[in-house]
Amino acid sequence: MGVLVDTMKTCNRSVPHDHFICRCLGLIFSLLLDSPSHHETFLRLPGSLDVFADLLVKHRDNQLIWTRILNILRALCTQKHQALFVSSSKKLVQSVRFVAEHHSKPRAVPLAARSKTAPPRGVGLRVLAQIRNLLQA
């Protein structure tokens, strides 16, 4: 998983890199679903959550990347101590909030002309709320 995270860190916003990032995120998600031990492995990777924070901001208009990152965060936050660790990453929480607010602002552009890859309004805020609810349980 470390190689995938390190490689995603070097990607830009080009279409081939977007496809590569989607594949990497899909692999990470599959590994996390495969075994709970992979959760700890991922969280111990240096800078893994920072890479997600950077990807969220850099690819804020790409719904596929955004959704996959949020699904990984949901998978990582199934246990309270993991949710606490994820929510302690200030950079990640700020990135999720930034992207959620970016997509919740009213725009002068007509709905039909908006990016078809933008995430639905409020998605990031719902994920943050789910993490907060898990911490309060």
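I started at Ser 89 and listed its neighbours: leaving aside residues up to four places away in sequence, Ser 89 touches Leu 49 and Asp 50. I note here that the model is a predicted one.

Next I looked up where Ser 89 sits. I found Ser 89 in the loop that links helix H6 (80–87) to helix H7 (90–104). Is Ser 89 buried or exposed? I read a relative accessible area of 11% for Ser 89. The cut-off for buried is under 20%, so Ser 89 is buried.

**Whole chain**

I then stepped back to the chain. I counted eight helices and zero strands. Written from the N terminus on, the order of elements is α-α-α-α-α-α-α-α. The chain has 137 residues, and buried ones make up 38% of them. I looked up the accessible surface as well: it comes to about 7,600 Å², and carbon and sulfur atoms hold 60% of it.

I also checked how far apart in sequence the contacting residues are. Of the contacts with a separation of 6 or more, 71% join residues 24 or more positions apart.

**H4 and H5**

Leu 49, one of the residues that Ser 89 touches, also turned up in the contact of H4 with H5, so I looked at that pair of helices. How are H4 and H5 oriented to each other? I noted that helix H4 covers residues 48–58 and helix H5 residues 63–76, that they pack at an angle of about 150°, and that their axes are 10 Å apart. Angles over 145 degrees count as roughly antiparallel, and H4 and H5 are therefore roughly antiparallel to each other. I recorded their crossing as left-handed.

Which residues meet there? From H4 I listed Leu 49, Phe 52, Leu 55 and Leu 56; from H5 I listed Trp 66, Ile 69, Ile 72, Leu 73 and Leu 76. I sorted this contact by class and got nine nonpolar residues, no polar ones and no charged ones.

**Gln 82**

Gln 82 lies in helix H6. I read a relative accessibility of 2% for Gln 82, and because that is under 20%, Gln 82 counts as buried.

Key:
Residues are numbered from 1 along each chain as its sequence is written. This is a predicted model: local features need pLDDT of at least 70, side-chain atom pairs count only at pLDDT 80 or more; totals for chains, interfaces and linings use all residues. Side-chain values use heavy atoms; hydrogens and water are left out. Helices (H or I, at least four residues) and strands (E, at least two) are DSSP runs, numbered from the N terminus. Buried means under 20% relative accessible area, exposed over 50%, partly exposed in between (1.4 Å probe, protein chains only). Contact means heavy atoms within 4.5 Å. Accessible areas come from the Shrake-Rupley method with a 1.4 Å probe; for residues, only the protein chains shown count as cover. Axes are lines fitted to C-alpha atoms, for helices over the stretch in contact, and angles run from 0 to 180 degrees between N-to-C directions. Angles under 35 degrees count as roughly parallel, over 145 as roughly antiparallel, 65 to 115 as roughly perpendicular and the rest as oblique. A crossing is left-handed if the near helix is turned anticlockwise from the far one by less than a right angle, and right-handed if clockwise. Ala, Val, Leu, Ile, Met, Phe, Trp, Tyr, Cys and Pro count as nonpolar, Asp, Glu, Lys and Arg as charged, and the others, Gly among them, as polar.
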